[in-house]
Amino acid sequence: MKARANLGAVAVAGALLVGMADRVVLAQEPKSVETPVAAEAPEAAAPEGAPLPPVTAPLLERPKLEPRPSTELELQPCARLSAEQLATHVARLVPMVERCVGRRFVTPPKVRTADGASWYALVELEFPEVRDLDLQVATTFALYLPERDEVVLSSYVASRLGDDDAGARSAAAILAHELVHVLQDQHFALPSRLRVAEDRWQKQVLRALLEGHATLIEERIMTQLGAPDAEAQMRRRHRRGAGLVYLRGRDYLASLEKEGGADAVVQALVGELPTPLEFAKRSAPKRSAEKRDAEKR
Ligand SMILES: [Zn+2]
């Protein structure tokens with residue numbers, strides 16, 4: 001078992017970090033494997049079996065975050081999904097996320113949608129150094145903002161959630177992924193620690209853990225929602241560029257889970273960060289599998 005992280009070492013305020021954008025490539029998913037998912041079909045989604053875990057105290061305290069330019073931004077909701085519809089989707093996914101993570105929300109997650117103009121303004125503030133803002137807006141689908149303590153869904157995702165046709169399941173999976181980030185912050189202070197991390201490796205590995213964990217859970221929820229080959233879909237989606245961070249983190253945690261179960265995953269999320277070599281050792285084996293997979297195509 002690894003020792004607990006010394007929070008004092010990471011609770012250094014001031015660093016402006018980009019890193020909680022989720023850029024799941026909805027548009028490139030093969031439409032043929034999507035089956036329509038009705039929003040009003042909770043019976044199809046609810047996983048059977050284990051009861052929900054009891055509410056437990058956070059394992060790590062969140063460091064204090066400085067407000068960012070986006071913190072006070074006013075956001076107009078997307079008109080294509082009503083507040084009631086959004087609440088229904090959140091209520092359906094919350095217990096699924098809680099079961100998969102093994103932790104309950106300490107306080108209910110706050111989720112809102114943004115219309116096109118609001119989403120553009122938010123992405124512009126969150127990614128001040130991006131070269132192609134239009135591309136960034138088009139490829140960023142949802143954000144968890146620790147300073148606002150809320151998830152914001154783009155109008156694209158919100159619209160698809162409300163569509164009840166092909167793609168609704170992918171949109172639900174994105175929402176589930178963001179809900180994992182909320183749980184991560186409530187229990188493991190993970191997104192907040194990423195915001196204040198200053199050391200380059202610390203930032204990289206925290207981001208890999210945060211996205212890898214959310215990806216692993218998202219994949220399981222996709223399966224519960226009826227997606228065939230959720231892992232393969234996820235690997236195709238993240239096999240290049242920034243998506244590799246998601247895969248490496250996912251494989252690192254899956255490897256730990258295989259050996260030490262859910263406790264080993266939690267320990268990785270709150271414990272001492274791995275060295276680059278430790279991280280590479282556990283996230284490397286799948287890489288060859290991906291290469292083989294890519295070569296077959
Ligand atoms: Zn994410």
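Start by selecting Arg-250, which touches Gly-212, Thr-215 and Leu-216, leaving aside residues up to four places away in sequence. Keep in mind as you look around that this is a predicted model.

Now widen the selection to residues 243-270: this is helix α11, and Arg-250 lies in it. Is Arg-250 buried or exposed? Arg-250 counts as buried because 27 other C-beta atoms lie within 10 Å, where 20 or more is the mark for a buried residue. Arg-250 and Ser-283 are 33 residues apart in sequence, and their C-alpha atoms are 7.8 Å apart in space.

Next, move to the core. The largest nonpolar core has 69 residues, and Val-97, Ala-176 and Leu-179 are those with the most contacts inside it. Which helix gives the most to this core? Select residues 168-188 to see helix α7, which gives 12 residues. Then pick Leu-179 and display what it touches: Leu-93, Val-94, Val-97, Pro-109 and Val-151, again not counting residues up to four places away in sequence.

Now follow the chain from β3 into β4. These strands form a hairpin with 4 residues between them. Select Asp-149, in the loop between β3 and β4. What is the phi of Asp-149? The angle is positive, about 60 degrees, although Asp-149 is not a glycine. For context, most residues other than glycine have a negative phi. Asp-149 is partly exposed, because 17 other C-beta atoms lie within 10 Å.

For the last stop, select Asp-229, found in the loop between α9 (200-224) and α10 (230-238). Asp-229 also has a positive phi, about 50 degrees, although it is not a glycine. Is this residue, Asp-229, buried or exposed? Asp-229 is exposed, because 12 other C-beta atoms lie within 10 Å, and a residue with 12 or fewer is classed that way.

Technical notes. Residues are numbered from 1 along each chain as its sequence is written. This is a predicted model: local features need pLDDT of at least 70, side-chain atom pairs count only at pLDDT 80 or more; totals for chains, interfaces and linings use all residues. Two strands pair if DSSP finds at least two bridges between them. Helices (H or I, at least four residues) and strands (E, at least two) are DSSP runs, numbered from the N terminus. Two residues are in contact if their C-beta atoms, placed from the backbone, lie within 7 Å. A nonpolar core is a set of buried Ala, Val, Leu, Ile, Met, Phe, Trp, Tyr and Cys residues joined through C-beta atoms within 7 Å.
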